[in-house]
Amino acid sequence: MFLLLFFVFLIQFFTFWVFEPLASFLEYVLEIRMLPIITLIVLFFLFSKKDIELK
């Protein structure tokens, strides 16, 4: 029982250790202060010139 509890604690700890920075970064990016930069990057790639020859 205690061995199982130890493994569950270990899995939760490593899951938090791996995914907490990613979640924190996504929370920061999805806030309003980063939205204009993301929008400009998306619009730049959307309307960038591509060498497509129409024949």
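Modeller: Phe 13 has its place in helix H1; helices (H or I, at least four residues) and strands (E, at least two) are DSSP runs, numbered from the N terminus. The model is predicted, so local features need pLDDT of at least 70 and side-chain atom pairs count only at pLDDT 80 or more, whereas totals for chains, interfaces and linings use all residues. Residues are numbered from 1 along each chain as its sequence is written, and side-chain values use heavy atoms, with hydrogens and water left out.

The protein has 2 helices and 0 strands. H1 contains 28 residues and reaches 40 Å from its first C-alpha to its last, close to the 40 Å expected at 1.5 Å a residue; the expected span is 1.5 Å times one less than the number of residues. At Phe 19, shortly before the proline Pro 21, H1 has a kink of about 40 degrees (the bend is the angle between axes fitted to the seven residues ending at a residue and the seven starting there).

Ring pairs link Phe 13 with Phe 14 and Trp 17 into a cluster. Rings of Phe, Tyr and Trp (its six-membered ring) pair if their centres lie within 6.5 Å; planes under 30 degrees apart count as stacked, over 60 as edge-to-face and the rest as tilted. A search of the whole structure finds 4 aromatic pairs. In one of them, the ring centres of Phe 14 and Trp 17 are 6.1 Å apart and the planes stand at 70 degrees, so this pair is edge-to-face. Both residues lie in H1 (residues 2-29), 3 residues apart, about one turn of the helix. An α-helix has 3.6 residues a turn, so residues three or four places apart point the same way.

How accessible are these rings? Buried means under 20% relative accessible area, exposed over 50%, and partly exposed in between (1.4 Å probe, protein chains only). Phe 13 is partly exposed at 43%, Phe 14 is partly exposed at 40%, and Trp 17 is exposed at 59%. Of the 55 residues of the protein, 2% count as buried.

The protein exposes about 5,900 Å², of which carbon and sulfur atoms supply 78%; accessible areas come from the Shrake-Rupley method with a 1.4 Å probe, and for residues only the protein chains shown count as cover.
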